[in-house]
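Here is a short tour of one protein model, written for someone who would like to find their way around it. Please keep the 3D view open as you read.

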Amino acid sequence: MRNSRLVFLIVALLCNTFVGFAQKKYDIALKAYYTGYGTLLRWYPKDLETYMKCVEDGFVVERRQPGSVEDWTVLSPIYKGSFGEIFNLEKKNKEAALLNMILYKDMMMERIKQEMPDSLSKFKEEYNQMTANPQAKSLYYAMFLLSTEFSVDVAKYAALNYMDDKVRTQQTYEYRIRPKNEKLKLTSEIVKLSTSKKTELPALSELKSKRNDKSVRFSWYLTPAMDEEYSGYNLERSEDGINFKKVNTRPIIHITMSNVGKDSCFYISDLPECGKKYYFRIVGLSGFGFAGKTSNVVSEMCIDRYTVHPKMKTIKFNDKVEAEITWEVENPDKQTIKAFEVQRAKRLHVTGVDSFDAISKRLTPKTFSFVDKKPLKTNYYRIAAYGEEGQVAYSNIVFKYPADTMPPSIPTGLKGVIDSMGICTLTWNPNPEEDIRGYRVFVSNDSTFEFLCATDTFLKEPKYTTKLFLGSLTNDIYYKVQAVGGNYAHSGLSPFIKLMKPDTIPPALIVFDDIKQNEDNSLQFSWFDSPSIDVAKVDLYRRILPDTAWVLAEQWTGKTTSRAYTDTVNFSGEKVAYKFNIYDESGNMSVAEMVPYQTSILRKHCLKNLRLVKNYNDGGIYVEWNRCGCKIQYVRIFRKEDGGDSKLVRTVKGNDTSYFDKTVYVGHEYEYMVLPITEKMSEPEIEKVKF
């Protein structure tokens, strides 16, 4: 009993869901089948809770004829089986185990407690797992419904089936199911059935088989009708194609965890004995507990593994350039060898599909030598051993060729071209030898360095095409070619050719170093030149941010610039950006842009050499200065006495260069500020003196 519960638990956890016929639009779904003498009925409450409510008092089967003035007729009440009845059934049919768990859980626990006390905690744990959440409970109920599909007795004790044998032929009936407890207001699906002919189950789809050694994988497509009418399948096997016996111990059900194989059913079975033909078919199991139609019959037969192993022994070329071949054989199981065959291939293919041809007739099992009178320039040999049942075993493959050590001549006429996309095409003259196996190409970035092979297979034609990476710093590339003879003798390398790659790499950037604003409001900055050797032109652009366009400020040709520049524009608080456009000889351009620089508003010095001359005789201080070339409108003279506030003492004309201040007193300190008034603000001159 415990093992059967575990089976249901494992299957329930593995399967996605068992839909059955419990459609959600009815509380109780119903199916009917006319056997020719009665009507079989099977019903499916929509969930476990609905079933438990109904089965407590039982179900009632009702029938009527469509169009009849009579109301529904009660046919029979249907009651669940007792705990003892189901327990006895479980001894013969393990499908009943889940029914007892659902209907009589407490009684089962009490019996387990008395008879198998050590198993009680395990039983509770399994039951709690199957009812832990709505999804687990749904799977639990689905597997219970599945168990009733495969056993009429289980369905009977579950109160889920009924046989109406009080029907007449050539009539139409309607059936419905309701709970006996009329307080339960549940809806039942109404099924209409005609007794004019027996209900037909759908035909099964084609059974297919695929053998792998001693096992066979069976598959069949699930049509919508099969999915609706069949709950599972049995695989049957026969030795004569007439008398079939079931292979599987439990019904085969369709389980899938994804969309892969969702419309097909699969089953794998072993073949009991090799060398013997077996016949197989599948039988559909209806939801009413009986077998339905059978499929087509397929046959399979396995063959004992062939353990014969031929082995190449020697291959020698005689004076007539004939290949003398000998072999031996290992046969640990003393299996029958029907014949040997010598096979040869001109070449081996990387795809694994090698074109071996027989060069001998079928040789007797006692023949262990053969002479290939017309060997090829290259030969791959193997021996095939054939068994009585069509088995075949192959020896190891041995490569041999007649001695030929003369290398081919060095290829001539090598030339090439590289286009703007980097496609390099090489061509050369075909070698005059007839047995040229192919050519190899060698490449180097420097003619004084080692040349490396650029081809992983032999080129059949004197032509080679490849795509070069144009982003490297080397502009030239060198090539050589080599010829390979039929017996893999290599020629010397041809003289190299030099090809120039198109230049697509822009020159390296100029790097800005330092920038500052001079007293005359000009900007002075420096930089490091581009290290590229093919610089042809450098353009310096200026832009006043944010609105003005770039303006060409200076231009240099050739690689070297002045590496310093003074922009004499009279800047006063603007944000200025500079950039270099660097061009190489191929027209490639790179752009180096400086971080924008914020200029300052600087006042110009329009006066200089401010001097304060004390004159005690005249009782005052001479304030004298020199002009610096500015256009001065007038000059204002301010004075502070002993660190006090600054006061305007005089305004003189712009052409004046001195002023005599008489309003001073001995023993005081004076600070003079002379401010020239110009079109733009100018810098004042300041000096102190103690009188």
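This is a predicted model: local features need pLDDT of at least 70, side-chain atom pairs count only at pLDDT 80 or more; totals for chains, interfaces and linings use all residues.

Let's begin with charge on the surface. Glu388 sits in the loop that links β21 (379-386) to β22 (392-394). Together with Glu273, Asp304 and Glu389, Glu388 forms a negative surface patch. A positive surface patch brings together Lys346, Arg347, Lys377 and Lys460. Of these, Arg347 is found in the loop between β18 (339-345) and β19 (357-358).

Another loop, the one between β7 (191-194) and β8 (207-212), holds Ser205. In sequence, Ser205 and Ser295 are 90 residues apart, yet their C-alpha atoms are 6.8 Å apart in space.

| Residue | Relative accessible area | Class |
|---|---|---|
| Glu388 | 57% | exposed |
| Arg347 | 43% | partly exposed |
| Ser205 | 12% | buried |

Ser205 counts as buried because its 12% relative accessible area is under the 20% cut-off.

Now for a helix. Helix α7 covers residues 134-149, and its 16 residues should span 22 Å at 1.5 Å a residue; the C-alpha atoms at its ends are 23 Å apart, which agrees. Is α7 mostly covered or mostly open? It is mostly covered, with 12 of its 16 residues buried. Among the buried residues of α7 are Tyr140, Tyr141, Met143 and Phe144.

How values were computed
Residues are numbered from 1 along each chain as its sequence is written. Side-chain values use heavy atoms; hydrogens and water are left out. Patches are made of residues with over 30% relative accessible area and no salt bridge: like charges are joined within 9 Å, nonpolar side chains (Val, Leu, Ile, Met, Phe, Trp, Tyr) within 5 Å. Accessible areas come from the Shrake-Rupley method with a 1.4 Å probe; for residues, only the protein chains shown count as cover. A salt bridge is a side-chain nitrogen of Lys or Arg within 4 Å of a carboxyl oxygen of Asp or Glu. Lys and Arg count as positive and Asp and Glu as negative; His and the chain ends are not counted. The place of a charge is taken as NZ of Lys, CZ of Arg, CG of Asp or CD of Glu. Helices (H or I, at least four residues) and strands (E, at least two) are DSSP runs, numbered from the N terminus. Buried means under 20% relative accessible area, exposed over 50%, partly exposed in between (1.4 Å probe, protein chains only). The expected span of a helix is 1.5 Å times one less than its number of residues.
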